[in-house]
Amino acid sequence: MMDKPAEQLRPGSAAAPGSASALGAALPFLALLLVGISFPLFGGGYWGLIATRACVYWVLVSGLNLVVGFAGQIAIGWVALLTLGAYTTSVLTAGTVTPPLPPYLALLIAAVVGAIFGLIIGLPALRLRTFYFAITTLGFATIVTQVALAWQSVTGGGVGVPGPILPEPFSSQWGFYYFCFGLAAICTWMTANVAASRFGRALTAIRDAEVAAEASGISKPALLTAVFLFSGAVAAVAGGLFAALQSYITPDAFTLDLSILFFIAILIGGHGSILGPLLGTILLTVLPEFAAPLVAWSTFLYAVLLLVIVLVIPGGIAEILDFRNRRPLESGRAIVPRPDLLPRLFGAPSDPGVLRLEQVALSFGGVHAIDGLDLEIHPAQVHGLIGPNGSGKTTTLNVISGYYAQQSGAVRLNDIALPVLACQRRAHMRIARTFQTPRLVGAASVLENVMIGGTVDGEGTFVESLLSLPRHRRDEVMLRDTAMLALAVVGLERLAPVRADRLQHSELRFTEIARALMLRPAFLLLDEPAAGLSAEEIVRLGALLKAIARGGTGVLLVEHHADLIFDICHHITVLNLGRMLAAGTPAEIRSHREVVSAYLGG
Amino acid sequence: MSMTRRQTLASAGAAVIAGGLAKPAIAAKEPIRIGYLPALTGLSSSTGIGLNRGAQLAVQEINEAGGIDGRQIELISRDTQSDPTKAVNAAVELTRQQQVHVIIGPLNSGESLAVVPQLARLNMPELHPCWVDSLTDPQKYPMCFRAAPTNRQIGGAANRYVVDVLKLRKVAVIGDTTGYATASVNAYVPMLKAKGAEVVYQGNVDAANPDVKPEMLRMRSAGAEAIMPWSVNAGFLSRLINARGEMEWDVPIVGQTTLGSGQTKALLEKPEYWAKVYPNNFRSCCFDAQGRLPERTAAFVERLHKAKVDTSDTLLWWVAAGYDAPMMVAEAVKHAGGTKAEDIVGYWNQLKNYPGIYGDISFTPEQHDGYPDDEIVMCEANSLKDGAFRLAPGYAA
Amino acid sequence: MIESIVSYGLAVGCIYALIGITYNVMFSASRVFSFTSGTLGMLGGVLGSLFIARMGMPVAAGFLLALAAGALFGIVTEIVAVRPVLKNLEQHLYVLSTLALALMIQQLTAIEWSTEPQPFPRLLNVARGGFDQQFWLPMLACIVVVVGLELLYRHTLVGRAFLAIAEDNYAARALGLPERRLRMASYALAGVIGALAGFAGGEMLLAFFANAPMLTFYGFVPVALGGMGNNRGAVIAGLLLGLFEQVANFLVGGIFASVAVFTVFIIVLLARPEGLAGAAVQRRV
């Protein structure tokens, strides 16, 4: 069998991605760093210009990558921030409006302006549908350019303004190159830190599994705010650098083509990757330089590249470079949970009280989804919820976990009413759940998916993650260790580094359970976890759920598999047409006449 | 004529590997490399297309005559696409990669505003035909020369015609949103006011905007008696002329030379709309009362016909100015005995009445604007023939 | 002055409304918005100018050919940019694929046709002036399309099949409706409408590749404000947009006018994300 001796499952064990693969991940960056530092030795002045341009673009794209690649927001018009940053820096150093400021201060002020406007441009994402948001960002890009054209007294209108000139030693061509290269390297480092933090994982959760992200306590507004602020700031700094590089800016330098370039670089690079978009940016900056006719066709080629990527390799360069996930997985894998590890995961037991539904009612139009339901979930018990399709089981779960607001009645934990429609708050109350269809981030590894479940337990702030400060690193160690333990509990620790979309259906279900366990939940709500599992797996699932309940968790199990229900539940409630048909012990329910005729049959 | 970038990359790479980018020794037969930055596509391409024809003819003639001291001229051209960013890129590439000796252009002020400071930093001699005043400065840009008039000269002539000859007081000044037009409008409005005229409308409109009617209606309701457009965009100018015709508004249009180009003519809805349009032009490209061009120009037009260079859809002065630039470079190399930057610049700094087709060009170390005031005239657009015009009515010499 | 504002504003508003209807027809068939809607409008103008002015075809022939090209491009959109990504609707890949396709066509037009606006031929040989054809042609096109769609959806089997696919995809398929062919037909119809918009408005907007991004935005405003899939809302919103834009043009001039339009649009959208006439967002758990 594949049971491992307990010692091997110590924190930081070999099953977790170790230092060897961390070095492997860093290698391409180190190589690029080396090439970049030594570039002046072999590149001529012209290629120096192109390299500097690529560095400036990357400063912007690295921030936009968090918005587009990680958070999945389709912000096409980000050139607006480049324009803002370029003009702010140039006008402040030229001294047309204020007394001339030193360039570094101007860049700093531009960063602040960029952060604010990044937030203004980005926040509609919280209110608007995807396509609408994309169009509004395009609108912003046009507005900024038009304002630059019209506000002649400040921006010079069509005439433009001279760009800032950095002081020695950055005023020479190579000096400026190193300045831009340094900033590009810092941005790479910072965004890589975010990617490997709970914030980066939370962003991918918002992108690919928003509903599950909310259940894990992730607040989309807070996270997007942080990301838009950062992204806006670096985009504006990139604008200042762009102005310095051009030595003179006019509104027509900030074309929509440039916005498209940034956006496509990220998509070519691949979602959720730092290296991919970095290579994408370099590729797209350098490509038109290889033949004069290509310059005119550059946007056309970018568009063709985008179409090909979207249709053929949506994962982009990152997917192509993902060698680790090409290695075949072992066949005939079995899921062998280790319930004995639960006490290690949960620590000391606590008494959360009773989770009670009182006369909850909810209708959709004329349909009474839940019609006056009373339910009690006690800790250390498995409570089954069964009934025919459409009887309101999932709706009940959704009301408890805060996705739907009941129209009457209350949901109480220890007699305190749970806030309505506050699905993100449930994680803080240690109410965890799984979903009818597994909602995982397919592009992330199993381990990362499970770590998402513990997001609320991290203490470090976004800035601390940006700069990889000690509290961020402590959070990471803590989350990783806990996640490995949770995976060991459900029996999937060998699949920790594997991309989630390569897993079998049953493995996805157990992964969701591991993610829920990260919260050490007081109450665990499961929505048909046995669907699609083999008989053997259902037995193991039952044993696991019983063990979880024994540890003090109140388990609410919505299921169709009668065997599992009758095997492990302490109490069963039967729903029909939104109303409770019967409630009692398994023995009582099994012989209940109406239940048998309405649902169980035979 | 021009190497592809792929060849350039390969050869540059080889040179580097061989050990550093040493300047090749001046061999007797090494070509004279002139970098050229026309805008052949994009919103401001009409000038570039015209100038380019002249430049190509000039280089062809020089090379067919054996070159300069046995050296052929190589004109390495990069289309800036009317984009200042691409212009900067190209200027640096021509300087560093192609190692040109002189750069001609950019041909549009918007692009030059970005390129001129760059080339000054790279110590590259530059000759350009752009009009915006700030594009020469013997202190800041000692190697940059302008073989063309400035905004002050052009605006002066046009404003003089409207106020002093046509005797009109209320003027509407309109430009597109390029750097050139913005700078021009900003320069000309105070000049008009100083002459006692009343500027009843001043605006910059996107050249690509298909609808100029609102602007024209605002001009009319402000009581404008003359319209002065400043833009090199033939489409934009033609739309203004068409709108005036559709509105049946009888006011003169006085301004940009492009108003008279064949491109503009082709976009007019009715040929009669071209009446009462008085663009700037230059004495060298205007016929006298007997319908004859100045001798030098007539000979030039002959050569154009023989070389099958088309002038019907452009302006003769563009072709002439384009022709003069490589000629002036060739002249400089011949007299300086080589392509060293200081020698070329030194020669130009003493240039007196160089007999260009476009005009007589003179420079001094303190004055890098070479075009004489008195050769700027106003002409009548619908007298276009072979790219040249008749002088505007009432325009005394 | 007033008549100029009203006639131009309503006419251009009809063009915006028609592009909005193009968006809606594509949306009805596939639950997806396509960036190619504005490009279709651009193609109507460019191809009309190409066929009639440059290649010298008679007006009727050029017209029909332009519409056919629109239908073809609509079908291409469906096959290349929409069908392959319908499986992962949540990933919103359709935004990228239709954006890419739209960009490709726009750039191709810019390079092969011209980067400058080219004139569009006069369609009817009537003197200029008064309530000119450049104003009433787009209005006529709009009326024809709205009435035609109404008749199609309510009174023909094909039209009702379109509606069925839009309302409930699964049920329609269960009934045996050929979903794929109906979707392609819808996209072809959308292509025709878009090309018609550009052709009818050609004299006003000129044959210009940059009309594509402009129409993509201005054609979407009626959809956003009028409600997704709501054609009547699109027409009203389109007309209002056209008038508002023209008034702004006269009052503050071209640059500020577009800023005004964008600002109002974004503010309205933030206040009511589902549009002024649309329905609220559906459940997602």
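Here is a short chat about chain A of a predicted model.

Student: How many helices and strands does chain A have?
Tutor: Chain A has 25 helices and twelve strands. The radius of gyration of chain A is 28 Å, close to the 25 Å that the globule rule gives for 602 residues, so the chain is as compact as a globular protein of that length.

Student: And what box do the C-alpha atoms fill?
Tutor: Roughly 85 × 55 × 45 Å, taken along the principal axes.

Student: What percentage of chain A is buried?
Tutor: Buried residues are 55% of the 602 in chain A.

Student: Switching to domains, where do they run in chain A?
Tutor: The domain assignment gives domain 1 as 24-324 and domain 2 as 339-600. Their centres, taken over C-alpha atoms, are separated by 41 Å.

Student: How many residues of each domain are in contact?
Tutor: In chain A, 25 residues of domain 1 are in contact with 30 residues of domain 2. On the domain 1 side, helices H7 (173-195), H8 (198-208) and H9 (210-215) of chain A each supply at least two residues. H8(A) gives the most to that side, with seven residues.

Student: What classes of residue are on that domain 1 side?
Tutor: Eleven are nonpolar, nine polar and five charged.

Student: OK, what about chain C, how many residues does the contact with chain A take?
Tutor: The contact takes 35 residues from chain A and 31 residues from chain C. H5(A) provides the largest share of the chain A side, 14 residues. By class, that side of chain A divides into 27 nonpolar, seven polar and one charged.

Methods:
Residues numbered from 1 in each chain as written. Chains lettered and ligands numbered in written order. Predicted model: local features only at pLDDT ≥ 70, side-chain atom pairs only at ≥ 80, totals over all residues. Helix = DSSP H or I, 4+ residues; strand = E, 2+ residues; numbered from the N terminus. Rg over C-alpha atoms; globule rule 2.2 N^0.38 Å. Buried ≥ 20, exposed ≤ 12 C-beta atoms within 10 Å, placed from the backbone. Contact = placed C-beta atoms within 7 Å. Nonpolar A, V, L, I, M, F, W, Y, C, P; charged D, E, K, R; others polar. Domains from an automatic or database assignment.
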